[in-house]
Structures are given as C-alpha cells and as structure tokens.
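Here is a brief report on one protein model.

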Amino acid sequence: MQTWLSDPVPLVAGTPRPLRLHDTAAGGIRPTAPGPTATMYVCGITPYDATHLGHAATYLAFDLVHRIWLDNGHHVHYVQNVTDVDDPLLERAKRDQDDWVVLAMRETALYREDMAALRVLPPRDYVGAVESIPEIVEAVAKLLAGGAAYRADDPRFPDIYFDHRASGRFGYESNYDEPTMTRFFAERGGDPDRVGKRHPLDALMWRAARPGEPSWDTELGPGRPGWHVECSVIALNRLGMAFDLQGGGSDLIFPHHEFSAAHAEALTGEHPFARHYAHAGMIGLDGEKMSKSRGNLVFVSRLRADKVDPMAVRLGLLSGHYRTDRSWTHDVLDEALARVQRWRAAVGSAAGVDAAPLVSRLRDHLSDDLDTPRAIAAVDAWADQTRSGAGHYTEAPAAVRTALDALLGVAL
C-alpha cells in the first residue's frame, strides 16, 4: 500500500537525549533502548470515515517518538497497518450504499493527505489487511495445527478462535483483571456471548464466509481475517519479535494490543512481542467524548477545507500531554493559531535570544515522556523574549526554526 511523502528532517545542533517513555505493561516511565535501527509499530485506521482529531493526536504522539529517535541518530523502521476489511467498514458501506473497496480506498487516500498536512513522518511499511491475507492464513493455520486456535462448535459458521490462554502470559500488557477484560471485550468489538466458543474472552481469528460479506477462498475455508491477528502478522513479518515499541490509542490496550501480543507469542514461543507498549489518550469535544455515535467528530480534512493552518492543529493537539484524555475546544484552536503567529514572528526576526538553551530544554522535555506542554512553554518564553527585542544572536531565529521543525514537527 502506498504511504505518503514528507520533508527531510533537519539535523539539530547540540546533544540529543535518549527517550524515556511510559510503558503500559510496566506501569511506569522507562527508557527506550533501540539499537542502530529503532523499530515501531503503530496501529492504523479502519478507513470507514475521515481522519478525526483523536486519530491525529495518536499519530502525532508517535511522530514525536520517531523524531526523537532520529535526533538520537537511529534509523527508524516504522510500520503501520490499514484495516481495510472489517465490520465497521462493511457496515458504513452498506448504510451509504457504497462499495466497501471504494470507500476504503477513498478514506485511506484522505488519511494520507491529512497526515502529510500535519507533517507526520510516514511509515516505511504501510500495509493493508487485504494484501496481508496470505500471511494471516499461514499464521492462523499454524496456530490451529498447534492447538492455540480452534473452530467454533457451529456447523454453519465454523469461525476460528484463539484460545486466550495459549501464550501463557495473557494479561501482562494491559494488567487488567478478568471482569475489566470482559467488559472491554464486549465494548470494543469482541463477542463474549458467541455460542460455540470455549471461553467468552477467546478472540476471533478467521470469520467464516457469511452471505453478502466479502470472503477469500483459503486453506482455512472461505472467510476473512479477524482484527487482532492482522496486526500480529504484519508486525511480526516486518519487524520480528521484541521490536522496540507498539503504539496506539488507549482504547487499544485491551483487547487489541493484548491479543496481538498473545497471537505472536503463541506463534513463536517467544516473549515479549514488543519491548514497550505506549498509548495515547482520547480527544473529546467541548468536554464530551468524541465518537461517531455522538456525531461530534472533528475531522482534520474539514479543518483543512476551512483553511485552518495545519500547524495550528498540530500545536493545538500537542498542547496537552499525549497520555491525558483532553478536549478540543474553540479556545484550544484560537490559542494555537495565536501561538503559530507569535512563533512565526519570532523566528522571522533579524536576531533573537540564544537558541542553545532553548534547544536543550526542548530535548529535555520531549525526551521525558513527550512532555509537550513544557516544551511549548519553553518556546513561548523564547518567542516572547525575542519579539521584545531582548536578544542579539543573529543565528538564533534560524536555529530555533530548525529545532522546531526537527523535534516538534512544526514548520514555520
């Protein structure tokens, strides 16, 4: 699948800082420790609708990880999927009397445009579920043969399920107790009441063909893949086990990331799937949860169509800490628009306050679990001092412009 283009990331003078990041599995902040090539998998969209600000906030958070690793001299092998066949996509296509393939292609193209506008660095591998079906079939067949997966006791629809106890470590990523798992499983795409399963928490790996649904003829029988195994296989076949970071929104902690780890660990007999699990908070609108059921989604493409500066959207989303649930409001956007104007004026000055202390503070804050509020406050202080005429360093504005581009992804 085609990814998107990006501008080169400039080099920044001074000393980089290794990234310390919150790890969901460990329950605290700890160092990331990549080798020469840092490896990251971030779960992508199900393209039944346009990119909303919740999506954007997640991908901006992991874009900062990408940029910090680059600043530290690592190559970055970044992989992202597209769930281009799944129930929400098929339901939306049916509702709108649209072709599900056309809908997926259209919304994926729009997502790429949104990511490029927000200056999110692209993944090296951008992989759709549909193109991965042969890989998924091979993995499910292996788990079925080894007893980690089984067919539901349903002669009409013999779906294949994963025995959630098969890896022997289920629950280590989320650290949730079983009642919490059961609740989230039901709320987030699971089917705990499916007749014919061995256990309510067992997850679908291969859905047998149903009338009116797309399916593929394979050795597993006609059908289509489940959600979690898609990410297991795409990540495993491109990054291998124990890659540096699996990321996504906090709503993916369970069941999605728990199962994608369990599938891969059962397949390989190795642990862990990822060395670090990081999750971004949810974005609301004016104090309410943003969701398609509420009809209060704010789309990046809509803001772009309204000529809102994408750098203001980026800064507005980065003004809160990535792990916090927070709201998008008119005030957040107005503040970000004003901030972009102040920063542009400052980096356009003939001289400014010395850039080196600011760049050092930027690295300190961003390497400390992506502390963007403190990083932004440091730039605000530099911009205000520079605009007041306090500085006399002629090279400072250009140096700050470069640092903001490379580290925060903000082009001024």
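## The sheet

Five strands form an open sheet with parallel pairing, in the order β5-β4-β3-β10-β11. Its edges are β5 (125-128) and β11 (277-280), each of which pairs on one side only. Ignoring direction, neighbouring strands are turned by 20° against each other on average. This is a predicted model.

Strand β4 (residues 75-82) runs parallel to β5, and 4 bridges join the two. In one of these strands, β5, D125 is the bridge partner of V79.

## Helices on the sheet

Helix α1 lies across β3 (37-42), β4, β10 (245-249) and β11. It runs at about 175° to β3.

Helix α6 (residues 227-239) also packs on the sheet. It touches β3, β4 and β5. Its direction makes about 155° with that of β4.

## Nonpolar cores

In soluble globular proteins, nonpolar side chains tend to be buried together. Here the largest nonpolar core holds 71 residues. The members touching the most other members are L53, V65, L317, W328, L362, W382 and L408. Helix α1 (residues 53-71) supplies the largest share of this core, with 11 residues.

What does L362 contact, leaving aside its neighbours within four places in sequence? The list is A375, V379, A403, L404, L407 and L408. A second core is separate and has 44 residues, including F185, W206, A274 and Y277.

## D23

D23 sits in strand β1 (residues 20-23). Is it buried or exposed? Its relative accessibility is 3%, so D23 counts as buried, the cut-off being under 20%.

A polar atom of the D23 side chain lies 3.2 Å from the backbone nitrogen of A25. Not counting residues up to four places away in sequence, D23 touches G28, R30, R275, H276 and Y277. Y277 is also listed in the second core.

## H321

H321 is found in a loop, between α9 (310-318) and β14 (326-328). With a relative accessible area of 17%, H321 falls under the 20% limit and is therefore buried.

Which residues does H321 touch, not counting those up to four places away in sequence? They are R326, D369, L370, D371, T372 and P373. Y41 is 280 residues from H321 along the chain, and their C-alpha atoms are separated by 21 Å.

Technical notes:
Residues are numbered from 1 along each chain as its sequence is written. This is a predicted model: local features need pLDDT of at least 70, side-chain atom pairs count only at pLDDT 80 or more; totals for chains, interfaces and linings use all residues. Side-chain values use heavy atoms; hydrogens and water are left out. A nonpolar core is a set of buried Ala, Val, Leu, Ile, Met, Phe, Trp, Tyr and Cys residues joined through side-chain atoms within 4.5 Å. Buried means under 20% relative accessible area, exposed over 50%, partly exposed in between (1.4 Å probe, protein chains only). Contact means heavy atoms within 4.5 Å. A polar contact is a pair of N or O atoms within 3.5 Å; within protein, one must be able to donate a hydrogen and the other to accept it, and residues adjacent in sequence count only if both atoms are side-chain atoms. Two strands pair if DSSP finds at least two bridges between them. Axes are lines fitted to C-alpha atoms, for helices over the stretch in contact, and angles run from 0 to 180 degrees between N-to-C directions.
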